[in-house]
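Colleague: I'm new to this one and would like a close look at a single part. Could you walk me through it once the model is up?

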Amino acid sequence: MVQSRTHNCGELRLADAGKDVTVVGWYENIRKVSKNLGFLILRDFYGTTQVVIETEDMMSVIDSVNKESTIQVTGVVRERSSKNAELPTGEIEVVPSKIEVLGKCRYNALPFEINQSKDADENTRLKYRYLDLRNPAVKGNIILRSKIVAELRNKMNSLGFMEITTPILTCSSPEGARDYLVPARNHPGKFYALPQAPQQFKQILMASGFDRYFQIAPCFRDEDARADRSPGEFYQLDMEMAFASQEDVFSVIEEVLPPVFAKYGVYSNASKAPFVRIPYLESMDKYGTDKPDLRIDLVLTDATELLSGCGFGPFEGQTVKAIVVDGFTATRKQIDAICADVEVATANKAYWFKVDENGEITGGIAKFLQNIKEQVINTLGLKPGDFVGLTAGKKLVAQKTAGVLRRLLGAASEKHMKQNTYEFCWIVDFPMYEIGEESGELEFCHNPFSMPQGGMDALKNKEPLDILAYQYDLVCNGVELSSGAVRNHDPEIMIEAFRLVGLGEDDVKAKFPAMYNAFCYGAPPHAGIAPGVDRMIMLICGEESIREIIPFPMNKNAMDVMMGAPATVDQKQLDDVHIAIVKEREE
């Protein structure tokens, strides 16, 4: 049987009236008027076409199949008497002479209505993803994803970057997240690892004499899901440049990304080059985060000296941060909801007060401020109608809590949040080292492969916590799209950088043998970055969850409920790769 078509379901127009056509697709729905009159909607990848059933024989064919069956309709195009201006094919309909069932849907009831699948439970959607993807609104994101990836690839090629694929099976390396391990059948007790990123390979390419590399790179990390992070695997626009500086990387990204966001995004405006650059410490102090949403014009003010002696217990001996919002008209219920959301997100409380029309401090913690009212008003520059949000704790805790409060206050106040725009910025000058929250020891803050600002001299003569690195993050609308760095290409500087965190030369050689050895043969200065493709497309599509723009995502528990992964395997498969499953002992 030849399943041919003359036109797709989004193609026919009034000019085609009178033509004999064959269309194929999914039987979406039918509106029956009588036993011999009905209006059937046929849907394929390209759109929908109305098919008019005008005989009992044709109606009996349709009555014998369930919705979402695939059918072939042969008939004549005619002008519709009742046109639908909202559809591209809304001026025509097809009167069938023959309807043939190509693929029968065996179920009378669907797990959800196709065009309303986004309202269904997420696990149900993922289990029946092949039905979910039939929804034009869901499918549209995947189509847009394809177009965006093609646009990114074309732009990188036009700028002289060469697309090179790097290995998927590699060795485990300490890069911050858990590896996915693959047992090696021919090497008992040894494992490959799926790459968390092509980091080492792309740096080795630079040492190999390649000048500009990129790929749409798959990356694998065994980490928990978030709204902006898919567990298991993700893709990034991975790039690296030889004989390049931080400025060279910035200029490429600022040329590549804004046009793509402006062309395909739900917002038509995107930041123009050069993007705003904010040092890490300034970003934390001013915005309470290293991924600030610059659509919000609110900033943090230090109120420690002003409020630490006001008598309010949570402020005593703590850093206090204030956010002044003028013209904030939220109700007490809305304010309480914002404070509750802050506590859920940070496990720390937010506080507040406001200035009424008479210039009096009211609400929230106002009773603790009456004795210093004038000082508070003058120091914070308050006027009637102003609202002040407050956070307290150790410096970093107060900052981060205030960062969440700032974001929520901005979202609740249209006056203080730009609409319909993508605001990019660079966060720069990250500290090279930090004290680990769990270990209490000196650790790399960002990327161990980064070049310290000041090179060997800084490592030898500065306090480690005062050393900055040539590291940078790309942020858009409060979402971190990427981290990047000028790489440490000098083996001697690399050894010294690792020595400060307690790793010697032998450790560096053991953990990164290929890259270390490659650099010993003369490596060029190089720099790179890797914006997350999934996060970019999530922003471009205006989706809240990254799973909406991935064709076959895992659920929040890192399970593919459609394919049933992860799954058990046969004992022979385990034996082949020398794996034994040890059951946990019951206590």
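In which helix is the place of Cys-339?

Modeller: Happy to, and keep in mind that this is a predicted model. Cys-339 has its place in helix H9, which covers residues 332-346. Its relative accessible area is 15%, and because buried means under 20%, Cys-339 counts as buried. Take Ala-350: 11 residues separate it from Cys-339 in sequence, while in space the two are 5.4 Å apart, C-alpha to C-alpha.

Now step back a bit. The protein is divided into domain 1, residues 12-101, and domain 2, residues 295-416. Between the C-alpha centres of domain 1 and domain 2 there are 61 Å.

Then there's the sheet. It's an open one, built from eight strands in the order S6-S9-S10-S24-S23-S22-S19-S12, with mixed pairing. Strand S6 (162-163) and strand S12 (276-279) are the edge strands, each pairing on one side only. Helix H6, residues 246-264, packs on this sheet and touches S9, S10, S12, S19, S22, S23 and S24. The direction of H6 makes about 155 degrees with that of S19. Helix H7 (residues 280-287) lies across S12 and S19, and runs at about 90 degrees to S12.

Within the sheet, have a look at S22 (residues 471-476) and S23 (residues 479-486): they run antiparallel and are joined by six bridges. Asp-473 stands opposite Ser-483 in S23.

Note on methods
Residues are numbered from 1 along each chain as its sequence is written. This is a predicted model: local features need pLDDT of at least 70, side-chain atom pairs count only at pLDDT 80 or more; totals for chains, interfaces and linings use all residues. Side-chain values use heavy atoms; hydrogens and water are left out. Two strands pair if DSSP finds at least two bridges between them. Helices (H or I, at least four residues) and strands (E, at least two) are DSSP runs, numbered from the N terminus. Contact means heavy atoms within 4.5 Å. Axes are lines fitted to C-alpha atoms, for helices over the stretch in contact, and angles run from 0 to 180 degrees between N-to-C directions. Domain bounds come from an automatic or database domain assignment. Buried means under 20% relative accessible area, exposed over 50%, partly exposed in between (1.4 Å probe, protein chains only).
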